[in-house]
Amino acid sequence: MTGQISDPREEQKRKAAIEAASMVREGMVVGLGSGTTSAYMIDELGRRWAEGLRFLAIPTSERSAEQARSHGIKLVTFAAHPQIDLDIDGADEVEMGTLNLIKGRGGALFREKIVAAASHRFVVVVDESKLVPRLGHHMPVPVEVTTFGWELTASRLESLGARATLRLDQHGAPFNTDGGNLILDCNFGEIPDSVALARRIRSIVGVIESGLFIGRTSEVIVAGRDGLKHLTAG
């Protein structure tokens with residue numbers, strides 16, 4: 001991810017990711033998110049690692065794990081470290097005011113939620129285009145589901161008002177998560193009550209997890225044309 005960045009939005013994301021990476025301190029256990037913004041953050045942590053900073057990391061995807069290993073960053077598991085000090089990740093949408101999120105466009109939402117739930121602080125890094133008045137403003141809700149009976153699960157999700165589409169990979173085959181599951185991208189339109197919707201999705205048999213991250217965000221670092229700003233819920 002290193003090198004010159006010509007896209008202004010990508011440069012904003014990179015600066016925000018570097019800001020988040022600066023929160024990592026010696027001896028911390030750190031959650032490493034997935035996606036392009038998190039890739040900038042991992043590169044920055046790799047630079048700091050080379051300068052002598054030492055911490056332990058739990059990645060949310062195989063891709064993030066591979067990138068961290070390329071920098072020599074020490075990876076650990078929940079077996080030895082069940083509590084994470086700081087988790088840094090991106091988001092597809094951030095609801096202004098509540099800081100509730102939609103995540104999962106990269107396909108790692110289940111692992112991302114496990115890591116976020118285990119973290120003392122969950123810091124989200126986005127560019128300003130990701131801020132929305134209500135979740136679902138321009139993104140569907142990814143829902144990770146079991147391969148067995150996924151068609152029935154999709155039907156149940158559609159009974160909640162979604163238009164559920166099976167995610168495909170670049171070759172046109174069903175996309176498989178790192179856990180071997182499928183993803184249904186569920187378009188609900190703008191969501192008036194994301195708390196209630198998350199609860200109803202979770203009650204469907206066959207659902208592993210949804211991309212609605214409710215009440216988990218500690219802080220959002222937003223990159224925009226006017227620089228960086230920090231948001232907290234409330």
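**View 1. Salt bridge between Arg111 and Asp178.** In this predicted model, the side chains of Arg111 and Asp178 meet in a salt bridge, with an N to O distance of 4.0 Å. Between domain 1 and domain 2, the count is 2 salt bridges.

**View 2. The two domains and the contact between them.** According to the domain assignment, domain 1 comprises residues 8-132 + 214-232, and domain 2 comprises residues 141-210. Taken over C-alpha atoms, the centres of domain 1 and domain 2 are separated by 24 Å. Domain 1 contributes 15 residues to the contact, and domain 2 contributes 16 residues. The size of an interface is often given as the accessible area lost when the parts come together. Here, domain 1 and domain 2 bury about 1,100 Å² between them, and 60% of this area is on carbon and sulfur atoms. On the domain 1 side, the residues that lose the most area to domain 2 are Leu109, Phe110 and Ile214; together they account for 40% of what that side buries.

**View 3. Edge-to-face pair of Trp49 and Phe55.** The structure holds 2 aromatic pairs. In one of them, Trp49 and Phe55 are arranged edge-to-face, with 5.3 Å centre to centre and 90° between the planes. Trp49 has a relative accessibility of 12% and therefore counts as buried. Phe55, at 2% relative accessibility, also counts as buried.

**View 4. Tilted pair of Phe122 and Phe213.** A pair of aromatic rings is described by the distance of the centres and the angle of the planes. The ring centres of Phe122 and Phe213 lie 6.4 Å apart and their planes stand at 35°, so this pair is tilted. The pair links distant parts of the chain: Phe122 belongs to strand S7 (residues 119-127) and Phe213 to strand S13 (residues 212-213), 91 residues apart. Phe122 counts as buried because its relative accessibility is 1%. Phe213 likewise counts as buried, with a relative accessibility of 0%.

**View 5. Charged side chains over aromatic rings.** Lys113 lies over the face of Phe213, at 4.8 Å from the ring centre.

Definitions and conventions:
Residues numbered from 1 in each chain as written. Predicted model: local features only at pLDDT ≥ 70, side-chain atom pairs only at ≥ 80, totals over all residues. Heavy atoms only, no water. Phe/Tyr/Trp six-rings, centres within 6.5 Å; stacked < 30°, edge-to-face > 60°. Buried < 20%, exposed > 50% of the residue type's maximum accessible area, 1.4 Å probe, protein only. Helix = DSSP H or I, 4+ residues; strand = E, 2+ residues; numbered from the N terminus. Lys NZ or Arg CZ within 6 Å of the ring centre and 35° of its normal. Domains from an automatic or database assignment. Contact = heavy atoms within 4.5 Å. Buried area = accessible area lost by both parts, 1.4 Å probe.
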